[in-house]
Amino acid sequence: MNHTFTRVVSLIMGALILVYIGFQAYRAYYKPYPTETANTYTQPETLDAEVFAVRKEQYVFSSNQGYLLDRTEDGGKVSKDGVLALAFPSQENVTDYLRLEEIQKEINSLNSLTLMKNASGLLDLDFINRDINAAVNEAETVIESGDLKSLSYYESELLKQLNKHQLVTGQLHSFEDKLSTLRDEQQQILQKPEITKTEILSPLSGYFISRVDGYEETVDYDTVRDLQYDQVAAYIASGPAAVPPDCIGKVVSEFDWYLICNVDLKRMPSLSTGTVLSINLPLSGVDALPVTVERFYSSDMQKGTLILSCNLMNERLSNLRKETGQIVLKQHNGLRIGKSAIRMVDGVQGAYVLTGNKVSFKTVKILYEGDEDDYVIVELNNDRNSIKLYDNVIMRGKDLYDGKIMR
């Protein structure tokens with residue numbers, strides 16, 4: 001009997017302990033009034049539009065059927081009769097030519113370091129370490145951006161700094177062994193049959209783009225400012241033309257180029273010629289590209305056509321043709337807080353803020369509220385009754401009022 005009684009008591013005590021632990025855990029983790037810190041935020045208000053890039057483009061042709069080696073990067077400036085590419089009869093010739101260039105660069109770099117050491121007697125290790133870190137960071141950034149064409153420069157720079165480090169730390173007293181090895185390799189390549197190459201020259205000055213897409217002759221560059229709504233719609237919906245088989249790229253002879261698009265007038269403000277906007281091009285990895293309004297007109301009360309110009313160029317922009325752009329209509333600068341925190345109290349819009357254990361009601365002026373966003377941007381001002389930077393804004397909860405003390 002006593003044994004049974006003891007077991008029952010033990011079970012009851014165990015259950016009570018579990019209830020107590022559960023209650024304490026509930027108190028620790030349950031927050032009936034969760035808060036969020038108000039922080040500064042810049043919210044662009046954008047309008048999506050299908051854009052089409054128009055440039056004054058001319059095909060570059062080559063009858064050479066060999067292996068091509070570009071000598072100008074995409075988006076790089078070229079002069080008339082400047083070398084765009086080299087044509088070689090075999091892939092081995094291309095490999096040998098590039099290796100000879102690399103060897104000569106390494107020899108020049110090592111000779112330069114030797115002269116520097118002899119002239120100064122000592123190189124600053126702190127500066128060298130700093131430059132090594134900078135080269136590594138730059139290389140990582142280039143890899144992350146996908147701009148692998150620029151990677152070779154930072155590899156060479158890193159090798160140069162590592163060679164300096166070896167000199168200063170005494171791991172290496174001279175570069176004679178390295179230079180000898182490089183010269184031997186250089187001679188081995190030069191002893192092969194002479195590398196024959198043909199230069200492919202630019203027919204005019206401008207900037208070179210190796211990629212061709214078949215849209216080069218779709219739109220007449222000289223009449224782009226006069227395009228109508230239906231024409232723009234047709235160009236955007238069109239497919240590419242066949243590219244000539246002997247085409248190796250194109251040269252853009254005018255540095256100003258255009259983005260044409262049709263827009264919804266319900267959200268587009270009235271724009272005048274010369275207005276500077278910015279546009280995001282996510283597919284091309286381009287943010288806040290500055291563009292100028294060349295023409296803006298409406299075909300009816302709902303549809304409009306926008307002609308934008310730009311004179312910037314790089315590899316990413318050179319490959320742009322058609323994609324969905326985000327035209328930035330306005331930038332909203334203020335405080336970002338959760339949409340669920342906004343309340344109406346006695347006809348006044350605001351939110352509750354927790355300071356210590358005291359609740360206060362503070363007013364807000366909403367600058368931006370997206371239909372699909374779970375936050376709003378509110379004005380940051382000097383009114384002591386409005387929400388301030390770093391306020392702990394109560395996101396949800398019942399029975400809140402100004403002056404309430406949290407227990």
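First, the ground rules. This is a predicted model, so local features need pLDDT of at least 70, side-chain atom pairs count only at pLDDT 80 or more, and totals for chains, interfaces and linings use all residues. Residues are numbered from 1 along each chain as its sequence is written, and side-chain values use heavy atoms, with hydrogens and water left out.

Let's start with charge. Side chains of opposite charge can pair when their charged atoms come close. A salt bridge here is a side-chain nitrogen of Lys or Arg within 4 Å of a carboxyl oxygen of Asp or Glu. That rule gives 16 salt bridges.

Take Arg99. Arg99 pairs with Glu102, with the closest N and O atoms 3.1 Å apart. Both sit in helix α2, residues 91–120. They are 3 residues apart, which means about one helical turn separates them. Helices are DSSP runs of H or I, at least four residues; strands are runs of E, at least two; both are numbered from the N terminus.

Arg99 also meets Glu185 in a salt bridge, 2.8 Å from N to O. This pair links distant parts of the chain, since Glu185 lies in helix α5, residues 176–190, and the two are 86 residues apart.

How accessible are these side chains? Buried means under 20% relative accessible area, exposed over 50%, and partly exposed in between, with a 1.4 Å probe and protein chains only. Arg99 is partly exposed at 22%. Glu102 is partly exposed at 41%. Glu185 is partly exposed at 26%.

Next, Glu216 and Lys250. Their closest N and O atoms are 2.7 Å apart, in a salt bridge. Glu216 is in the loop between β8 (206–209) and α6 (229–237), and Lys250 is in strand β9 (residues 247–252), so the pair ties together parts 34 residues apart in sequence. Buried or exposed, Glu216 and Lys250? Both are buried. They also belong to a network of salt bridges with Arg55, Glu57, Asp213 and Arg321.

Last, the patch. Leu380, Leu389 and Tyr390 make a nonpolar surface patch of about 290 Å². Patch residues have over 30% relative accessible area and no salt bridge; like charges are joined within 9 Å, nonpolar side chains (Val, Leu, Ile, Met, Phe, Trp, Tyr) within 5 Å. Accessible areas use the Shrake-Rupley method with a 1.4 Å probe. Leu389 is partly exposed at 31%.
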